[in-house]
Amino acid sequence: MSKDFKITMKQPELGRKIFDLRTEKGLTQEELVEKCNISVRTIQRIENGEVSPRSYTIKSILVALDYDLNKLTNEEPSSIDSLVSWFKHFMLIDIDAEKPSDFLVKQLNIAWMFGLLYFSTGIFESASEYFLFTEDKLIFSKGVFIAIKVVALISFVFFQRGFILIGGLFRNYLLKIISSIMIVALIPLYVYDIILLFNDSTDRVFIAAATSLTFGFTGIIFGISLIKLKGSVGEISKYAGFSEIIGGCFLLTIVLAFVGLILYIPAELLEIILIFKVIEIIKNKQTEHITTY
């Protein structure tokens with residue numbers, strides 16, 4: 001190998017690039033292994049961004065993929081490209097179903113744990129929002145209110161991140177898209193809600209209505225996407241989906257939004273159970289794979 005061969009692309013961008021090149025070629029990880037004589041585990045870790053491989057390893061992979069080495073050595077990803085790549089990697093948007101089952105189970109375990117946290121925090125959040133909206137008073141201090149909002153936002157992101165993963169695993173692109181939209185839409189609403197604590201403004205009524213409409217509309221689509229999982233996951237996805245749809249319809253009315261929030265309680269619990277079901281499916285497939293050999 002030439003001494004001038006130097007990779008400027010770093011992880012996780014490098015792993016993302018190799019994954020994209022492999023999928024463009026229509027190759028599985030096992031088929032790539034046969035071409036470059038590198039272990040499947042190494043390929044998996046590189047694509048996951050878990051390791052920074054030696055130049056020789058990278059060159060072997062790129063040669064197997066018929067990729068011009070000069071393109072990669074001269075490519076300097078922009079800050080925007082790096083940010084987008086990091087976001088997609090963190091949010092599991094371009095998940096590879098061939099990733100190790102341990103990795104998938106770990107991410108789904110994180111999702112259901114944050115789902116429970118979101119469910120628990122949501123009780124206090126709903127109560128505080130109700131009194132703030134109907135009686136214009138805080139039942140908690142500003143500090144506690146902000147803490148509740150921040151915890152609710154973070155837990156919601158990681159909870160929905162699990163459904164982005166599930167959407168990728170079962171090729172349910174509607175689920176991936178709507179879960180991503182829900183995350184993106186919620187962040188500015190929560191941030192503005194906190195800002196309004198320090199301003200005497202009638203905008204809080206507008207924010208409450210906007211939040212209700214946003215969650216109502218996205219909740220209905222989210223429910224439809226969950227129902228589409230019935231063939232892969234079972235009846236639990238149907239029950240969770242219908243609960244989301246009914247709750248979303250009440251939220252769209254705005255005046256009956258509180259009823260919708262109550263209906264979301266069983267929906268969130270069913271969604272947590274759904275994640276457990278997916279974990280079980282992944283573990284069963286791993287067992288079947290092991291017993292085949």
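Helices (H or I, at least four residues) and strands (E, at least two) are DSSP runs, numbered from the N terminus. The model is predicted, so local features need pLDDT of at least 70 and side-chain atom pairs count only at pLDDT 80 or more, whereas totals for chains, interfaces and linings use all residues. Residues are numbered from 1 along each chain as its sequence is written, and side-chain values use heavy atoms, with hydrogens and water left out.

View 1. Arg171 is placed in the loop between helix H8 (142-169) and helix H9 (173-195), and its phi is near 55 degrees. Ile254 occupies the loop between helix H12 (235-252) and H13, with phi near 70 degrees. Most residues other than glycine have a negative phi. Arg171 counts as exposed because its relative accessibility is 65%; the classes are buried under 20% relative accessible area, exposed over 50% and partly exposed in between (1.4 Å probe, protein chains only). Ile254, at 36%, counts as partly exposed.

**View 2. The salt bridge between Glu125 and Lys149.** These two side chains meet at 3.0 Å, N to O, a salt bridge being a side-chain nitrogen of Lys or Arg within 4 Å of a carboxyl oxygen of Asp or Glu. Glu125 lies in helix H7 (residues 101-134) and Lys149 in helix H8, so the pair ties together parts that are 24 residues apart in sequence. Both partners are buried: Glu125 has 9% relative accessibility and Lys149 has 3%. Glu125, Lys149 and Asp193 are linked in a network of salt bridges.

**View 3. The salt bridge between Asp66 and Lys25.** The structure holds 7 salt bridges, and one of them joins the side chains of Asp66 and Lys25 at 3.7 Å, N to O. The pair links distant parts of the chain, 41 residues apart: Asp66 is in the loop between helix H4 (55-64) and helix H5 (69-74), and Lys25 in the loop between helix H1 (13-24) and helix H2 (29-36). Asp66 is exposed at 62% relative accessible area, while Lys25 is partly exposed at 44%.

**View 4. Thr218 in helix H10 (residues 203-227)**. Thr218 is buried, with a relative accessible area of 6%. A polar atom of the Thr218 side chain lies 2.7 Å from the backbone oxygen of Thr214. Leaving aside neighbours within four places in sequence, Thr218 is in contact (heavy atoms within 4.5 Å) with Ile178, Ile181 and Met182.

**View 5. A nonpolar surface patch.** Tyr130, Phe258, Leu261, Ile262, Ile265 and Leu269 make a nonpolar patch of about 490 Å². Patches are made of residues with over 30% relative accessible area and no salt bridge, like charges being joined within 9 Å and nonpolar side chains (Val, Leu, Ile, Met, Phe, Trp, Tyr) within 5 Å. Accessible areas come from the Shrake-Rupley method with a 1.4 Å probe, and for residues only the protein chains shown count as cover. Helix H13 (residues 257-292) gives the most to the nonpolar patch, with 5 residues. Leu261 belongs to helix H13 and, at 37% relative accessibility, counts as partly exposed.

**View 6. The protein chain as context for the close-ups.** The chain has 13 helices and 0 strands. Of its 293 residues, 46% count as buried. The accessible surface comes to about 15300 Å², of which 63% belongs to carbon and sulfur atoms.

Key: Polar contact = N/O pair within 3.5 Å; in protein donor to acceptor, adjacent residues only side chain to side chain.
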